[in-house]
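This report covers the contact between two parts of one protein, followed by the surroundings of a single residue.

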Amino acid sequence: MTKELSLLMLAGDGIGPEIMVEARRVVDWLMENRGLNFTVHEGLVGGAAYDVFGVALDDDTLALARQVDAVMLGAVGGPKWDGVDYDKRPEAGLLTLRKELGLFANLRPAICFEPLVEASSLKPELVSGLDIMIVRELTGGVYFGEPRGIETLENGERRGVNTQVYTTSEIHRIARVAFELAAKRGGRVTSSEKANVMESGLLWREEVTVIAADYPEIKLDHMLADSCAMQLVRAPKQFDVIVTDNLFGDLLSDVAAMLTGSLGMLPSAALGVKGGGAMYEPVHGSAPDIAGKGVANPIATILSLAMALRYTFDCEAEAQMIEDAVQNVLAGGLRTADIMQPGKAKVSTSVMGDSILRALDRLNEK
Ligand code: NAD
């Protein structure tokens, strides 16, 4: 009997259910054709959960999320819940999952699929073959640091405060994630901060360097975050793994994302301590403007499943097969509306899903 792999699929709102169905079909395909032994649970999150339970994530679903090996999330949010209190908003479900599962490392690959080279805002030669991994610290830094708030001073002026703060252990654990990833990729880590003007950046630089000593085979360099943003659009292929804090990671990963074309193509992972929780989700949101129309691109979600296979389930061969299947379908000229190009065939969400399954069949026969 092969090892049991447990997965919780939370489709969420908007296009979430449409794209998650296609990822589920790939899971079923893996069980039928590759002998993987998945136990798949499904549940509600976001607005869909609020409508039923009055909260964006109920206790039973959270308990299940803690038990399984990995969570897959579609997307949450939409105008229907705009008036709901902040602590019950759809986004609160996502934030609770990240916090409760201790997901401190956000992995965002920026891979340029060859057939989509022309869709990038950069020249084809700059992005052809691009494969970067951005590792963003997700639970610390200025988004969470105290003190924070807006106060009114004695002179009547208002003052807004946020605090950028990192500790040694927070930097060490995210640095280790980056070095371990680099060991399985190109063997290079670029650490990015603002050590020239921020003490927390200097600490980041020093402590990443401490961890580098445990990984002598990895080449580490440091780059100021503003320079890193510039280099990402000037010569992105110079990077392998970029590790950075929560704020700079937020910005740099969005810059890197746009090098590859469309939001509908971008997967992500959020990882906790080794052997702990993990959540995989597309980078895009619930796309209320196209929800229910059957036109959403399911590729980001299917590639998120590939990341789960690689980083949680230790099924590298199957992860690679999924990525190759996506590449082959795109090379065959099929496009959802968001990545449509002249001379290509526009297809629906489900036809894109079907085509990826057929491409997997062909790869599996080889
Ligand atoms: P969005 O990512 O949902 O959509 C931005 C644009 O990209 C839209 O035009 C949309 O149609 C398009 N798009 C997104 N994903 C697509 C896909 N798979 N296929 C084809 N086109 C796609 O961002 P938004 O419009 O700013 O936000 C909509 C809702 O999603 C909001 O409620 C927001 O809070 C929420 N949101 C959720 C997450 C998440 O769940 N992780 C992330 C971002 C935004």
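## Domain interface and a buried glutamate

Across the interface of domain 1 and domain 2, zero salt bridges are found by the rule. The model is a predicted one. Domain 1 comprises residues 1-104 + 272-366, and domain 2 comprises residues 110-268. Values for the pair are listed below.

| Item (domain 1 and domain 2) | Value |
|---|---|
| Separation of centres, over C-alpha atoms | 24 Å |
| Residues in contact | 26 residues of domain 1, 23 residues of domain 2 |
| Buried area | about 2,100 Å² |
| Part of the buried area from carbon and sulfur atoms | 67% |
| Residue pairs in polar contact (both at pLDDT 80 or more) | six |

On the side of domain 1 that touches domain 2, strand S12 (278-282), helix H10 (299-311) and helix H11 (316-331) are the elements that give two or more residues. Of these, H10 gives the most, with six residues. By residue class, this side of domain 1 divides into 15 nonpolar, five polar and six charged residues.

The second topic is glutamate 193, a residue of strand S8 (residues 188-193). Is glutamate 193 buried or exposed? Its relative accessible area is 2%, and the cut-off for buried is under 20%, so glutamate 193 counts as buried. The side chain of glutamate 193 reaches the backbone nitrogen of alanine 195 at 2.8 Å. Leaving aside residues up to four places away in sequence, glutamate 193 touches Gly201, Trp204, Arg205, His222, Met223, Leu224, Ala225 and Phe248.

Methods:
Residues are numbered from 1 along each chain as its sequence is written. This is a predicted model: local features need pLDDT of at least 70, side-chain atom pairs count only at pLDDT 80 or more; totals for chains, interfaces and linings use all residues. Side-chain values use heavy atoms; hydrogens and water are left out. Domain bounds come from an automatic or database domain assignment. Contact means heavy atoms within 4.5 Å. Buried area is the accessible area (1.4 Å probe) that two parts lose on being put together, summed over both. A salt bridge is a side-chain nitrogen of Lys or Arg within 4 Å of a carboxyl oxygen of Asp or Glu. A polar contact is a pair of N or O atoms within 3.5 Å; within protein, one must be able to donate a hydrogen and the other to accept it, and residues adjacent in sequence count only if both atoms are side-chain atoms. Helices (H or I, at least four residues) and strands (E, at least two) are DSSP runs, numbered from the N terminus. Ala, Val, Leu, Ile, Met, Phe, Trp, Tyr, Cys and Pro count as nonpolar, Asp, Glu, Lys and Arg as charged, and the others, Gly among them, as polar. Buried means under 20% relative accessible area, exposed over 50%, partly exposed in between (1.4 Å probe, protein chains only).
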